[in-house]
Amino acid sequence: MEDRLALCVDIGTTNLKAGVVDKDGNVLSLSRSEIPLERDNDGKAEHNPEVLFAAFVKAAKEASRGFKGKISLIIPSSYMFGLVPVDDDLNPLMGIMTLLDLRAKETYEDLLSTIDVNEAYKRTGFAPTFHAPLFKIFWLKQRRREVFDKAKYFLSSKDYIISKLLDKPYTEPSISSATGLMNINTLKWDSYSLNALGIDESRLPEIVPSDEILAELPQKSKELLGLEGDVKLLPGVYDGGAIGIGIGAFEEGVGAINIGTTGMFRVAYPEAILDKEDSMRLQTYYLSSGKWFVGAAINNAGIILRWLRDNIFNVSYDELTNEALKVDTSNLFFLPYITGERDKEIGNIASGIYFGLKNNHNKGHMIKAGMEGVAYSLRMLYEAVKDNNVEVKEIRAGGGGTNSDLWMDIFSSVLGLPIKVSNIEEPELLGSALLGFYSLGIYKDLDEATKKMVKIKNVYVPQDEKIRQYDKGFQFFKLMTKDLKNLFEVHSKL
């Protein structure tokens, strides 16, 4: 038992990563590959299912090379909000609509007008956003009726991969709690949401525990992946949940932020917390092992620096940071809503804005304002968590944004909390493995597994002067977002 290894595969929107991890938290191998997105001018942003599965197989085979016969578990994780309809034979009827797909905006208001949003929130813990499968399925019903009628199941990207490996579709609560279709009180499909779509639970995959071994991997799947021996499949959790577990956020009072393409601020908590305000600022997802991931997420995090790098300044990430280091924080603000946002009030109509631009500002100021805008957005999520009496004493951080010391210093001072960064480059793989070794009984609980497997590399401590400065900036950022709502509405109709 002691030499068992876990093969963990994470499906991102633009990259797929696979790694073999041991019980001490060491990533012994790593394979990465890009996943092409199929786009058009109408908001389409799909993964080709066959291309995605081929990339999954390739990465898994590369990562597991040299460990044949030593791997006991395969554990997938993936992005939320993916949707692919499949037929009776589990063949996809179209591409996988990713979290970047915008087409459900077309029919978003139509579905909202037919449901009681507050009732849906109480039942599912999910604040309405057009990105959710609830709204994607409704869009299919209204715009692609032939696909909707032919669909036997509606699956997420991870559900689809599992169906390919086991010849039967399954999902787990962390993914299904972000669909707008799962009841948070029962961890089963919710009748209210299903009735709104005119479907029943037979058209959705069975929900199984994320931390219990699901099945032995069939021989044909083991051969496809280059594995042998006794290999089992653990359903795992969604990518943000895996990152949270992998950076040590399962501990009490520890908040998790992730700065990838998107971002999150969440806290592992023993109960599902709904926002006491009508604004529904909290999106409560199930995490694992009786804990919920209370908090919310933003669409625009690392994508802001990528936009500045590729579309505005045409320089490397290091050069972006170096330019930002040359300048002090100024009264230049950036609303980082370039792909819209998940905020219920402005989410579908928001856009990016520089405010306060003067002739003395240069690209360093613009880059730093972009970094600060993302940090302010996360602060809004932190405020929502605090307002609902969830205590946070420190933060663990993951994602590509942690590679920037400057950005981590900004986050620490904006949030007013120390931030710890682990030494694992791909914490989502570690998080899946941590869950896996717990499921195998190597650790008695996730707390013990966390203490054994998660190691801290850097600690960022907030500075009092910057805390005061950024607090003033945050108050203005909130006011700006609120006051621009009317202009966003007018602009969206031009």
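**Strands and their partners**

Reply: Happy to! Strand 6 (residues 71-78) and strand 15 (residues 232-233) run parallel and pair over two bridges; pairing requires DSSP to find at least two bridges between the strands. Strands are DSSP runs of E with at least two residues, helices are H or I runs of at least four, and both are numbered from the N terminus. This is a predicted model, in which local features need pLDDT of at least 70 and side-chain atom pairs 80 or more, while totals for chains, interfaces and linings use all residues. Residues are numbered from 1 along each chain as its sequence is written, and side-chain values use heavy atoms, leaving out hydrogens and water.

Within strand 15, Leu233 is the bridge partner of Ile74. The two strands belong to an open six-stranded sheet with mixed pairing, ordered 3-2-1-6-15-14. Its edges are strand 3 (27-34) and strand 14 (215-216), each pairing on one side only. Helix 1 (residues 49-64) packs on this sheet, touching strand 1 (5-11), strand 2 (15-21), strand 3 and strand 6; contact means heavy atoms within 4.5 Å. The helix direction makes about 30° with that of strand 2, using lines fitted to C-alpha atoms, for helices over the stretch in contact, and angles from 0 to 180 degrees between N-to-C directions.

Elsewhere, strand 19 (residues 291-298) pairs antiparallel with strand 17 (residues 263-269) over seven bridges, with Arg266 opposite Gly295. Strand 18 (residues 285-288) also pairs antiparallel with strand 19, over three bridges.
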